[in-house]
Amino acid sequence: MSGLTVSAKQAAPVLTGIDTSLRMTRLISNAEGSVFMKMEHEGVPFFLSTANSLVDLDSSITTHQFDLREHFLSAVPIIMYVRWAFPESSCKQLECSACLIIDDPPLKVSYGFLNLRKLSDVALRHNFSASIAFIPWNWSRSTRKVIDLFKQYPKRLSLSVHGCDHTTSEFGTRDKSTLVRKVKKAISRMQSHEEKNGLPYDRIMVFPQGVFSENALQVLKEQNFVAAVNTSVRSTDPEPRKITLASCWDVALMDYGDFPLLTRRYPSEGIENFAFDILLGKPCLVVIHHDFCRDNYAHLTKFIDQLNGLPCTLSWRSLGEVVRRSFRQRTLPSGTIAVEMYGGELRLSNTFSATQNFSIRRRERDSNAVKEVVSDSGIVDWSHADGYITFSLELNPKESALIRITYRETVSPAPEDETALYRLKTAARRHLCEARDNYLQPALNVLGVLR
Ligand SMILES: [Zn+2]
């Protein structure tokens with residue numbers, strides 16, 4: 001958070017005229033004085049916040065996700081203090097992984113304001129990675145030039161799954177067998193795309209329009225998706241589950257059937273929200289649509305430069321690698337490293353010069369749901385207790401391993417019932433959306449209507 005200027009919506013009295021013998025360090029200040037500071041009295045450091053409240057970790061999220069601008073003075077001081085006071089015992093993430101997610105474009109050179117050749121060029125020059133949230137319906141429409149571009153820059157450009165047909169609320173339904181049919185169809189299309197073009201994809205669902213039901217996440221888990229990514233943490237069920245601030249501040253939200261839901265944000269949510277996510281140990285996931293690339297990528301590069309200018313090193317990766325590397329770890333007194341993984345896959349490395357033991361756990365209340373745990377060297381023995389599955393791994397110096405948890409399928413797909421009219425409507429919708437993005441929005445931009 002260091003160096004940021006934030007428009008906080010909460011007010012707090014400022015402290016002035018403090019005894020200079022208290023060796024004060026200003027941590028959060030405004031034009032009038034300090035609202036959070038560290039002081040020292042007879043060698044004992046203490047912290048003082050003038051905010052009149054602290055965040056309640058058990059309170060419910062009532063908006064789409066936590067917005068730091070609404071709670072800056074009640075949230076930041078306590079987190080800064082905890083990170084300072086418990087540097088060893090608190091779990092940490094090893095690095096800050098980041099990825100830019102661009103929703104909707106088919107793999108054609110140009111789509112609206114987005115030119116994928118230019119994007120790869122900008123990604124190299126400004127140091128970022130992009131995952132195209134790819135609509136499986138487009139699986140047979142990719143052009144060779146763009147496929148070659150993705151193969152040339154696999155660390156900069158990758159693919160994730162964006163719905164199936166991208167029709168309204170397609171993952172908002174609560175009917176599990178319909179959801180299974182949708183998810184299987186999405187996978188089948190993505191696999192056909194991979195076989196046709198030799199281009200792999202990340203088995204991560206990015207929900208169209210941000211709409212999902214709790215059952216949709218349950219089905220994605222059974223279909224062995226690694227995670228889902230969304231702008232909102234609240235499902236669109238008639239009576240959505242209560243989501244607490246504590247759950248929202250975790251690396252991934254695990255409340256929906258112990259399946260990881262990672263949050264992403266629009267640049268309009270402010271650099272301070274991204275910085276706070278990173279401070280909490282969450283990955284830095286940015287979402288844009290093609291229109292954010294207008295004005296020759298000026299808005300995008302300005303924002304990416306701001307992110308890369310934060311006082312931490314962002315590791316830009318494919319969305320799949322971001323999820324695999326989003327875990328917390330701490331060293332136990334025995335020397336074993338305790339790891340909490342969130343995604344269905346984990347990339348673990350032994351960076352030490354000696355053989356290292358890892359004790360890994362993942363939240364899973366239903367042990368019957370788990371089919372197996374597999375690492376590079378084969379099936380791993382696991383046990384279940386207190387709502388977690390746990391297993392151990394030993395890695396030689398500089399060795400790394402990919403661990404995957406797979407789940408049993410319990411729901412059969414609903415029979416195919418797509419009518420010719422549905423298929424026609426879906427195709428019309430996609431082509432109309434593309435016409436809007438390719439012609440209408442650029443025209444509006446020329447007229448100065450887009451800001
Ligand atoms: Zn979309």
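Colleague: Which elements do the buried residues of H7 pack against?

Modeller: The buried residues of H7 pack against H1, S4, S12 and helix H8 (294-308). Residues are buried if 20 or more other C-beta atoms, placed from the backbone, lie within 10 Å of their own, exposed if 12 or fewer, and partly exposed in between. Contact requires C-beta atoms, placed from the backbone, within 7 Å. Helices (H or I, at least four residues) and strands (E, at least two) are DSSP runs, numbered from the N terminus.

Colleague: What kind of model is this?

Modeller: This is a predicted model, in which local features need pLDDT of at least 70 and side-chain atom pairs count only at pLDDT 80 or more, while totals for chains, interfaces and linings use all residues. Residues are numbered from 1 along each chain as its sequence is written.

Colleague: Back to H7. Which of its residues are buried?

Modeller: In helix H7 (residues 271-280), these are Asn273, Phe274, Ala275, Phe276, Asp277 and Ile278.

Colleague: And what follows H7?

Modeller: Gly281 follows H7, and its phi is positive, near 95 degrees.

Colleague: You mentioned S4. Is S4 mostly covered or mostly open?

Modeller: S4 is mostly covered, with eight of its eight residues buried. Cys96, Ala98, Leu100 and Ile102 point one way from the strand, while Ser97, Cys99, Ile101 and Asp103 point the other way.

Colleague: Which strand joins S4 through three bridges?

Modeller: That is strand S13 (residues 314-316), which runs parallel to S4. Strands count as paired if DSSP finds at least two bridges between them. Ser97 has Ser315 of S13 opposite.

Colleague: How many bridges link S4 and S12?

Modeller: S4 pairs with strand S12 (residues 284-288) in the parallel sense over five bridges, and Leu285 in S12 is the bridge partner of Cys99. S4 is also joined by four bridges to strand S7 (residues 130-134), again running parallel. There, Ala133 in S7 stands opposite Asp103.

Colleague: Which residues touch the most other members of the largest nonpolar core?

Modeller: That core has 104 residues, and those touching the most other members are Ile101, Ile204, Leu220, Ala227, Ala228, Leu261 and Cys284. Strand S4 (residues 96-103) gives the most to this core, with six residues. A nonpolar core is a set of buried Ala, Val, Leu, Ile, Met, Phe, Trp, Tyr and Cys residues joined through C-beta atoms within 7 Å.

Colleague: What is Ala227 in contact with, leaving aside its neighbours within four places in sequence?

Modeller: With those neighbours left aside, Ala227 is in contact with Ile204, Ala252, Pro260, Leu262, Val323, Gly343 and Gly344.

Colleague: New topic: in what order do the strands of the three-stranded open sheet stand?

Modeller: The order is S1-S2-S3, with antiparallel pairing. Strand S1 (25-29) and strand S3 (44-49) are at the edges with a single partner strand each, so one side of each is left without a neighbour in the sheet. On average, neighbouring strands of this sheet are turned by 15 degrees against each other, direction ignored. Axes are lines fitted to C-alpha atoms, for helices over the stretch in contact, and angles run from 0 to 180 degrees between N-to-C directions. S1 pairs with strand S2 (residues 34-41) over four bridges in the antiparallel sense, and Arg26 stands opposite Met37 in S2.

Colleague: Which helix lies across S1, S2 and S3?

Modeller: Helix H1 (residues 68-85) does, running at about 150 degrees to S1.

Colleague: And which strands form the open sheet of four?

Modeller: They are S16-S22-S18-S19, in that order, with antiparallel pairing. Strand S16 (345-349) and strand S19 (378-380) stand at the edges, each with a single partner strand, so one side of each has no neighbour in the sheet. Neighbouring strands here are turned by 30 degrees against each other on average, direction ignored. Strand S18 (residues 370-375) and S19 pair in the antiparallel sense over three bridges, and Ser375 has Gly378 in S19 as its bridge partner.

Colleague: How many helices and strands does the protein have?

Modeller: The secondary structure comes to 10 helices and 22 strands. Buried residues make up 37% of the 451 residues.

Colleague: Which domains does the assignment give?

Modeller: The assignment, whose bounds come from an automatic or database domain assignment, gives domain 1 (20-85), domain 2 (96-323) and domain 3 (327-407). The C-alpha centres of domain 1 and domain 3 lie 35 Å apart.

Key
Contact = placed C-beta atoms within 7 Å.
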